[in-house]
Amino acid sequence: IHQVLRPDGVFIGAMFGGDTLFELRCSLQLAELEREGGFSPHVSPFTAVADLGHLLARAGFNTLTVDTDEIQVNYPGLFEVMEDLQGKYILCMGESNCSWNRKPLLHRETMLAAAAIYQEMYGNSDGSVPATFQIYYMIGWKYHESQAKPAQRGSATVSFGDLAKIEGLLKREKK
């Protein structure tokens, strides 16, 4: 993306974040540990927000902004969560599990145990279960000499400590 942008071009992107579907992942892992003596990742790994800024900077972007949002969607149960994921995210986005060493399927008993764990650990009072989607938004600019540049370190004429004094003066002035 950095290579195809013209100078002073902007990259704006969004992606799922590290805590996406943590309820589902935890439930599957606990059920698999209990029923099968170990677990395999059944949901693709997601990146951490701290890594995004480093990735964008290493790619050559500057004036970076990374923000995060969480959306919680309620479903009747684990099977509806998985059905919705299968339909929307795998077919529409081309998303599937990229882990090489995962088991291709879960046993029926493990799935039923995961559904019970999901309900017990995360279930809402109305019987539904939440699925959390964490979304990272990122913005980075390709360098151009016309962009604003940060001031030299130590060149400030006011310290942050003085800001507290200004706030006190403003409060006295209002009285």
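Start by selecting Leu-33, which sits in helix H1. Leu-33 counts as partly exposed, because its relative accessibility is 42%, and partly exposed covers the range between the under-20% cut-off for buried and the over-50% cut-off for exposed. Keep in mind as you click around that this is a predicted model.

How far apart are Leu-33 and Thr-110 in sequence and in space? They are separated by 77 residues along the chain, yet C-alpha to C-alpha the gap is 9.1 Å.

Stay on Thr-110 for a moment. Thr-110 belongs to helix H4, which spans residues 108-122. Is Thr-110 buried or exposed? Its relative accessibility is 1%, so Thr-110 counts as buried. Show side chains here and pick Glu-36 as well: the Thr-110 and Glu-36 side chains are joined by a polar contact of 2.5 Å.

Next, jump to Asp-19. You'll find Asp-19 in the loop that runs between strand S1 (10-16) and helix H1 (22-36). With 39% relative accessibility, Asp-19 counts as partly exposed.

Finally, clear the selection and switch to cartoon. The chain has five helices and three strands, and going along the sequence they follow the pattern β-α-α-β-α-α-β-α. Colour by accessibility if you like: of the 175 residues in the chain, 30% are buried, and Thr-110 is one of the buried residues.

Technical notes:
Residues are numbered from 1 along each chain as its sequence is written. This is a predicted model: local features need pLDDT of at least 70, side-chain atom pairs count only at pLDDT 80 or more; totals for chains, interfaces and linings use all residues. Side-chain values use heavy atoms; hydrogens and water are left out. Helices (H or I, at least four residues) and strands (E, at least two) are DSSP runs, numbered from the N terminus. Buried means under 20% relative accessible area, exposed over 50%, partly exposed in between (1.4 Å probe, protein chains only). A polar contact is a pair of N or O atoms within 3.5 Å; within protein, one must be able to donate a hydrogen and the other to accept it, and residues adjacent in sequence count only if both atoms are side-chain atoms.
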